[in-house]
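Work through the following exercises with the sequence and the 3D view at hand. Try each task before reading its solution.

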Amino acid sequence: MAKGDPGGTTRSRRPAPRSKKGAAGNPELVQLLTPDGERIDSATGPDGTEYRVDFTDEEYRGLYRDLVMVRKLDAEATALQRQGELGLWASLLGQEAAQVGSGRALRSQDMAFPTYREHGVLYCRGIDPIMPLGLFRGVDQGGWDPNEFKFNMYTIVIGAQTLHATGYAMGITMDGKIGNDDGEAAIAYFGDGATSQGDVNEAFVWASVFNAPLVFFCQNNQYAISEPLERQTRVPLYQRAAGFGFPGVRVDGNDVLASYAVTRTALDNARHGQGPSLIEAYTYRMGAHTTSDDPTRYRIASEVESWQAKDPITRVKAFLEKQQIADSAFFAEVDEQARRESVHLRERVLNMPNPEPVTMFDHVYPNGSPLLDEQRATFNRYMESFEGSAH
């Protein structure tokens, strides 16, 4: 779904306020939709770049549908894990706007490198949401084709995907696929905690020196597992980019419109040969780091409540209602679609076949190896030893 072409026509029912520098009370934060659902016509970043979107009413409704669908599917996955059907799940609750906004800003030729939490970006790339659940159920390794969907496999090692993305982006340059509107770009997702990893800082160095067409997209959800942001950095994360020689910007990560606008601009700059940039999507992880985590041990309820007032879905719904772009029938239809899709997802997860244990040897090497054949044979003999026994 194409959204927000610069030459598009804005069809809001009410005039939007004049351009603002960042968000109210926070000049560093690019914001186009307030928590109350008030639309801001444009916002100016710290380097003077102006950000805006020009969506049709249908595109606004489409963004709301994306947000609701992603949250509902994520909630279903969490429930499945709590019921013992998944081994682990990393929820994106609270981060839907950062993921949907940036995901919809990608063009078909752009390549994304996720962590293990980018379920919203995965959804926007057209990948069947069952795919990551197979990985966390332990029945496969996550079976989508990165080349087909331009979305790399989930990466569990913190920050490693930023190096993968840097190498890929350097390859884009070597192939001569930059310099115009049809150029390619890459985007690497990571969390605030990953900025303390050597891999991420090394990726910053290489991307900068080689002017790679790459957008570093940091979802600052305030906690690196249990460590708060102030234990990670003394300055806002986006300001770190200056030390590596490329621009950085902080965006309201709970604002899907601003997340889209900032990401679109950064990707366009990259594909035109202007090199890398860093986006810090300032958001909040409403739930646990993963389902093995207990966030009540390290944060207080009042903090969570303050962020609930900035909920990314609530603000889009308020905007649609104020502008009379959607009515109660639309919201009910979206809720029902999300419910049906989540039920269908649950049914498919429960019907996933358990793989034969020996299949773990199938895809270790593309052409096999004598050592692997020997290991497979040993394992088969081991499994056959249980046949006919009481074990």
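**Exercise 1. Find which element gives the most to the lining of the second largest cavity, and describe that lining.**

Step 1. Helix H11 gives the most to this lining, with three residues. Helices here are DSSP runs (H or I, at least four residues) and strands are E runs of at least two, numbered from the N terminus.

Step 2. The model is predicted: local features need pLDDT of at least 70, side-chain atom pairs count only at pLDDT 80 or more, and totals for chains, interfaces and linings use all residues. Residues are numbered from 1 along each chain as its sequence is written, and side-chain values use heavy atoms, without hydrogens and water.

Step 3. List the lining: Leu33, Tyr60, Leu63, Val256, Leu257, Val316, Phe319 and Leu320. A cavity is a set of points on a 1 Å grid over the protein atoms alone where a 1.4 Å probe fits but cannot get out, and lining residues have an atom within 4 Å of a point.

Step 4. Two or more residues come from each of H1, helix H9 (256–271) and helix H11 (312–322).

Step 5. Sort by class: eight are nonpolar, with no polar and no charged residues. Nonpolar covers Ala, Val, Leu, Ile, Met, Phe, Trp, Tyr, Cys and Pro; Asp, Glu, Lys and Arg are charged, and the others, Gly among them, are polar.

**Exercise 2. State which residue forms a salt bridge with Glu38, and what the pair ties together.**

Step 1. The partner is Lys322, with the closest N and O atoms 2.9 Å apart. A salt bridge is a side-chain nitrogen of Lys or Arg within 4 Å of a carboxyl oxygen of Asp or Glu.

Step 2. Glu38 lies in the loop between strand S1 (29–30) and strand S2 (43–44), and Lys322 in helix H11, so the pair ties together parts that are 284 residues apart in sequence.

Step 3. Glu38 is partly exposed, at 32% relative accessibility. Lys322 is also partly exposed, at 30%. Buried means under 20% relative accessible area, exposed over 50%, and partly exposed in between (1.4 Å probe, protein chains only).

**Exercise 3. Decide whether Asp110 and Arg271 are buried or exposed, and place their salt bridge.**

Step 1. Asp110 and Arg271 are both buried.

Step 2. Their closest N and O atoms are 2.5 Å apart. Asp110 sits in the loop between helix H2 (96–105) and strand S4 (111–113) and Arg271 in helix H9, so this pair ties together parts 161 residues apart in sequence.

Step 3. Asp110 and Arg271 also belong to a network of salt bridges with Arg107 and Asp268.

Conventions:
On a 1 Å grid over the protein atoms alone, a cavity is a set of points where a 1.4 Å probe fits but cannot get out, and a pocket is an open set with protein on both sides within 12 Å along at least five of seven lines; lining residues have an atom within 4 Å of a point.
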